[in-house]
Amino acid sequence: MRELYPAHYTRFHCIASSCDFTCCREWKIYADDAVFRKWQKNGIRKVTRWVDGQRVVRLTEDLDCPHLAEDGLCRLITEYGEGLIPGSCRAFPREIREYPDRTERSLMLACPAVIDLLAEGFSVPGNESPEATGRLREHWMRIIRESAAPEEAFLRLFRVPEDYPAVPADAQKEEEAQLYADLTENYRAEGYYRRFWEEEADVNRGNMTLWRTHKDIIMNCILNDVWSECLKPGFTEQEMRLKLEWTALKYAAVRHFLRIRPRKGGFRTVRNGIVLMTRIMSMDDEEIFTWLHEMFDGTLWGPEYPALLFG
Ligand code: SF4
């Protein structure tokens, strides 16, 4: 069986105490049955609750995992070893997809250390897939590589004609701001990621410097998402196109995040924006399809909406 994974995959390592997020905070941590039984045996109790039919770790009032120590390390590991951590913690940020002819591995952009690796580029050695959907993904990745900026890439991916009427800058800014507000609303209301909401500037004083200066790494992140998110085993072409829409929404939201940050933030701010929007938009595929269906009346995008966001 062939194994496909990005060139940087094997170089991943957790930066632990220097991480701006940690995967142990403001995050749904699933506790599988096997690990839950081990916790009970070891007297680790009352640290989970049920959410949407799944057992998750009950966070503290500060939205931390109760096992997170002050030095940023996991007490379960330091006190009991690797055997007592949930499978999702052990795997994160790695993902795996099994196809009839190959296994694909990837790293999620919900981890800042992954974005550091993407600063050096994105490539998947031997990336060839025999099925039509796999070839469509390769075609999309070629378009992104040939584009000079994310806006150009998305306009071409959604086949917006070159002579499509230009959208006024204010209309684009307004749509982007509304999208960002819709996507972040629940997290603000529940007190998650407060530090990021507190540093937001008035959109009218915002600027595009961070987005433009770091466009190469943003393009590598888009390549990563198209490769790892837009094709899953059994996906139809329609499902791929829906995931491409979701990817486009994510980067419009990242652009807004950067537009309303202080300019001095640099690469770290860009990295935080991508991690934050990846975490907020990490829903399961069925939820994403329902969201898009309701938002766009059940139809795939024509040229209007991508032109409004990126034209
Ligand atoms: S988010 Fe990534 S770098 Fe941060 S603690 Fe988790 S695995 Fe480590």
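Three strands form an open sheet in the order E1-E5-E4, with mixed pairing; strands are DSSP runs of E with at least two residues, helices are runs of H or I with at least four, and both are numbered from the N terminus. Two strands count as paired if DSSP finds at least two bridges between them. Strand E1 (2–4) and strand E4 (94–98) stand at the edges with a single partner strand each, so one side of each has no neighbour in the sheet. From one strand to the next, the twist averages 20°; axes are lines fitted to C-alpha atoms, for helices over the stretch in contact, and angles run from 0 to 180 degrees between N-to-C directions.

This is a predicted model, in which local features need pLDDT of at least 70 and side-chain atom pairs count only at pLDDT 80 or more, while totals for chains, interfaces and linings use all residues. Residues are numbered from 1 along each chain as its sequence is written, and side-chain values use heavy atoms, with hydrogens and water left out.

Strands of a sheet pair through backbone hydrogen bonds, either parallel or antiparallel. E1 and strand E5 (residues 102–107) pair in the parallel sense over three bridges, and Glu3 stands opposite Thr103 in E5. Helix H10 (residues 215–229) packs on this sheet and touches E1, E4 and E5, where contact means heavy atoms within 4.5 Å. The direction of H10 makes about 145° with that of E5.

Asn220 is found in helix H10 and counts as buried because its relative accessibility is 13%; buried means under 20% relative accessible area, exposed over 50%, and partly exposed in between, computed with a 1.4 Å probe on protein chains only. Leaving aside residues up to four places away in sequence, Asn220 touches Leu118, Ala119, Gly121 and Phe122. Ile96, in strand E4, is partly exposed, with a relative accessible area of 47%. With the exclusion of residues up to four places away in sequence, Ile96 touches Thr103, Glu104 and Arg105.

Pro93 lies in the loop between helix H3 (87–91) and E4. Phe92 is also one of the residues around the ligand, together with Cys14, Ile15, Cys19, Thr22, Cys23, Cys111, Pro112 and Arg279; a residue is near a molecule if one of its heavy atoms lies within 4 Å of it. This shell divides into seven nonpolar residues, one polar and one charged. Here Ala, Val, Leu, Ile, Met, Phe, Trp, Tyr, Cys and Pro count as nonpolar, Asp, Glu, Lys and Arg as charged, and the others, Gly among them, as polar.

Strand E2 (residues 48–51) and strand E3 (residues 54–57) pair in the antiparallel sense over four bridges, and the bridge partner of Val51 in E3 is Gln54. Two residues lie between the strands of this hairpin, where Asp52 takes a positive phi near 50°. Glu26, in the loop between E1 and helix H1 (33–41), has a positive phi of about 50° although it is not a glycine. Glu26 is buried, with a relative accessible area of 7%. Tyr193, in the loop between helix H7 (169–189) and helix H8 (194–198), has a positive phi near 55° and is buried at 1% relative accessibility.

The protein is divided into domain 1 (24–91) and domain 2 (127–310), with bounds from an automatic or database domain assignment. Their centres, taken over C-alpha atoms, are separated by 31 Å. Five residues of domain 1 are in contact with seven residues of domain 2.
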